[in-house]
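Here are my notes on the model. Please read them next to the structure shown below.

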Amino acid sequence: MSRIAAIGEAERLRGFAFAGVQVVAVDHPEAARTAWRGLAEDVGLVIASPTAHAALEDERLDQRHERLWVVLPA
């Protein structure tokens, strides 16, 4: 079974924890990259804040087919 994780600012993602989403609060770009690289293998979907997504552009998300991702609206 795959899990869901969310990466971004705590205030934007707080509510996802109530649905069982693993929330990884980050406050700067390097923290977002570290969080992405540290996700468990069983995470199948990542929800990213716009800020976290911008920080993850160097991670080539579109080439990582083992994991789906979605960006929250701004």
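**Notes on the predicted model**

1. In α2, the buried residues are Ala31, Ala32, Arg33, Ala35 and Trp36. Buried means under 20% relative accessible area, exposed over 50%, and partly exposed in between (1.4 Å probe, protein chains only). Helices (H or I, at least four residues) and strands (E, at least two) are DSSP runs, numbered from the N terminus. This is a predicted model: local features need pLDDT of at least 70, side-chain atom pairs count only at pLDDT 80 or more, and totals for chains, interfaces and linings use all residues. Residues are numbered from 1 along each chain as its sequence is written, and side-chain values use heavy atoms, with hydrogens and water left out.

2. What do the buried residues of α2 pack against? They pack against β1 (3-8), β2 (22-25), β3 (43-48) and α3 (50-55). Contact here means heavy atoms within 4.5 Å.

3. Take Ala35 as one case. Ala35 is found in helix α2, residues 29-37. Ala35 counts as buried because its relative accessibility is 12%. Leaving aside neighbours within four places in sequence, Ala35 is in contact with Ile7, Val24 and Val26. Ala35 and Ala25 are 10 residues apart in sequence, and their C-alpha atoms are 8.7 Å apart in space.

4. Now the sheet. It is open, has four strands in the order β2-β1-β3-β4, and its pairing is parallel. The edge strands are β2 and β4, as each pairs on one side only. Neighbouring strands of this sheet are turned by 20° against each other on average, direction ignored. Axes are lines fitted to C-alpha atoms, for helices over the stretch in contact, and angles run from 0 to 180 degrees between N-to-C directions. Two strands pair if DSSP finds at least two bridges between them.

5. How is β3 joined to its partners? β1 and β3 pair in the parallel sense over five bridges. β3 and β4 (residues 68-71) also run parallel, joined by four bridges. Leu45 of β3 is the bridge partner of Ile4, and Leu45 also stands opposite Leu68 in β4. Ile47 has Val70 in β4 as its bridge partner. β3 is mostly covered, with five of its six residues buried.

6. Check two loop residues: buried or partly exposed? Ser49 lies in the loop between β3 and α3. Ser49 is buried because its relative accessible area is 0%. Not counting residues up to four places away in sequence, Ser49 touches Ile7, Gly8, Glu9, Val71 and Leu72. Ala17 lies in the loop between α1 (10-13) and β2. Ala17 counts as partly exposed because its relative accessibility is 45%. Ala17 and Ala5 are 12 residues apart in sequence and 9.2 Å apart in space, C-alpha to C-alpha.

7. Last, the rings. The charged end of Arg67 sits over the ring of Trp36, 5.2 Å from its centre. The criterion is NZ of Lys or CZ of Arg within 6 Å of the ring centre and within 35 degrees of the ring normal. Trp36 is also among the buried residues of α2.
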